[in-house]
Amino acid sequence: MIKEKMNGLVEIMMSFARNWWFDPFVASFSFGVATYIYWTEERKQGLSRQCRRDDVWNNGFGPVTKSLAAYWVGLYILRELKLLNPPNNGFIPDGLPVDGFDSLLYLLTEVISGIIAYDFYFFFIHWAFHELPFFQSFRAMHKQHHIQLKCTVEARDVLNHSLADGSLQVLINIYVQRYNPWGAVKSRLARAIHNVIVTWMLTESHTATPNLYVFRRWFIGVREHRLHHLGEHRGRYQQFFGYLDEAKERITPHICCMFKFS
């Protein structure tokens with residue numbers, strides 16, 4: 001009887017997960033939860049630019065609400081243009097680990113590979129935002145995200161960006177969410193877990209509070225992203241990990257020498 005009730009509950013939950021709006025809802029809700037949790041900690045410690053709740057709701061969350069509104073409008077337009085059609089003739093596996101350890105391991109592989117792929121692709125866009133010398137308008141897209149360069153960077157600044165900047169991040173996330181690196185369609189559960197983890201990592205990388213030290217403990221990109229904003233580590237372009245930044249630091253001087261003496 002208990003097993004039947006649990007199966008019925010799971011089926012009800014998956015019926016929601018099979019709607020087109022479920023992935024963006026999970027991402028939006030996760031951003032909202034993460035930013036509120038970290039802002040609460042910042043406010044308690046006097047690290048927020050606006051410590052009163054009324055100030056924040058009237059002013060501080062303006063960029064957040066605008067970003068979320070633009071996000072949903074953009075997704076709806078993409079859906080109407082049939083650019084969000086599910087891959088593989090509309091079939092997306094649920095991804096529930098019902099077959100024991102193997103299915104659980106596959107789910108973890110889906111989630112981890114997606115996070116690595118998102119961080120990998122956006123590194124090159126972020127690098128171009130800052131150092132592309134021949135396309136000033138492309139670099140201008142990213143200026144709004146660094147508007148607090150001389151002030152305190154807070155968790156809610158994760159959503160303070162231009163429409164073009166935010167759209168590129170969303171498109172990269174949609175791209176890595178459609179297929180796994182080995183070509184199989186990414187499951188619904190893996191997509192949901194991916195969105196929860198990625199939104200938390202992005203929010204934590206901007207927060208001013210030392211509390212809730214979760215992903216900063218393990219990943220240098222999350223830990224040092226605020227230094228990138230504050231101008232102390234401008235070359236930190238990878239948002240989660242650090243291997244591409246290290247490779248860039250090693251390769252760039254050699255490339256410059258090649259152009260200098262060519």
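The second largest pocket holds about 230 Å³ of space. A pocket here is found on a 1 Å grid over the protein atoms alone, as an open set of points with protein on both sides within 12 Å along at least five of seven lines, and its lining residues have an atom within 4 Å of a point. The volume is the space filled by probe spheres set on the points, with grid points joined across faces, edges and corners. Rolling a probe the size of a water molecule over the atoms shows where empty space is left.

Before going on, a word on the source: this is a predicted model, where local features need pLDDT of at least 70, side-chain atom pairs count only at pLDDT 80 or more, and totals for chains, interfaces and linings use all residues. Residues are numbered from 1 along each chain as its sequence is written, and side-chain values use heavy atoms, with hydrogens and water left out.

Back to the pocket. Ten residues line it, and Met-13, Met-14, Phe-16, Ala-17 and Phe-22 lie nearest its centre. Helix α1 gives the largest share of that lining, five residues, while α1 (2-17) and α8 (188-204) each supply at least two.

As for the overall fold, the protein has ten helices and zero strands. Helices (H or I, at least four residues) and strands (E, at least two) are DSSP runs, numbered from the N terminus. Buried residues make up 41% of the 262 residues, where buried means under 20% relative accessible area, exposed over 50%, and partly exposed in between (1.4 Å probe, protein chains only).

Now the salt bridges, meaning a side-chain nitrogen of Lys or Arg within 4 Å of a carboxyl oxygen of Asp or Glu. The count comes to seven, and the table shows some of them.

| Salt bridge | Closest N to O |
|---|---|
| Arg-156 and Glu-154 | 3.0 Å |
| Glu-249 and Lys-248 | 2.9 Å |

Arg-191 is buried, because its relative accessible area is 8%. Arg-156 and Glu-154 are both buried too. Elsewhere, salt bridges that share partners join Glu-224, Arg-236 and Asp-245 into one network.

Asp-245 sits in helix α10 (residues 243-261). Is Asp-245 buried or exposed? Asp-245 is buried, since its relative accessible area is 3%. Its C-alpha is 7.3 Å from that of Gly-235, ten residues away in sequence.

On the outside, there's a nonpolar patch made of Phe-101, Leu-104, Leu-105, Leu-108, Ile-112, Ile-116, Phe-120, Tyr-121, Phe-124, Tyr-175 and Tyr-243, with about 1,100 Å² of accessible area together. Patches are made of residues with over 30% relative accessible area and no salt bridge, with like charges joined within 9 Å and nonpolar side chains (Val, Leu, Ile, Met, Phe, Trp, Tyr) within 5 Å. The areas come from the Shrake-Rupley method with a 1.4 Å probe, and for residues only the protein chains shown count as cover. Helix α5 (residues 101-131) supplies the largest share of the patch, nine residues, and Ile-112 lies in that helix.

Leu-212, in the loop between α8 and α9 (220-229), has a phi near 50 degrees, a positive value in a residue other than glycine. Most residues other than glycine have a negative phi. Leu-212 is partly exposed, at 34% relative accessible area. Gly-221 lies in helix α9 and is buried, with a relative accessible area of 0%. The C-alpha atoms of Gly-221 and Asp-119 are separated by 9.6 Å, though the two are 102 residues apart along the chain. Phe-91 lies in the loop between α4 (62-80) and α5 and counts as exposed, because its relative accessibility is 53%. Between the C-alpha atoms of Phe-91 and Arg-18, 73 residues apart along the chain, there are 10.0 Å.

Terms used: On a 1 Å grid over the protein atoms alone, a cavity is a set of points where a 1.4 Å probe fits but cannot get out, and a pocket is an open set with protein on both sides within 12 Å along at least five of seven lines; lining residues have an atom within 4 Å of a point.
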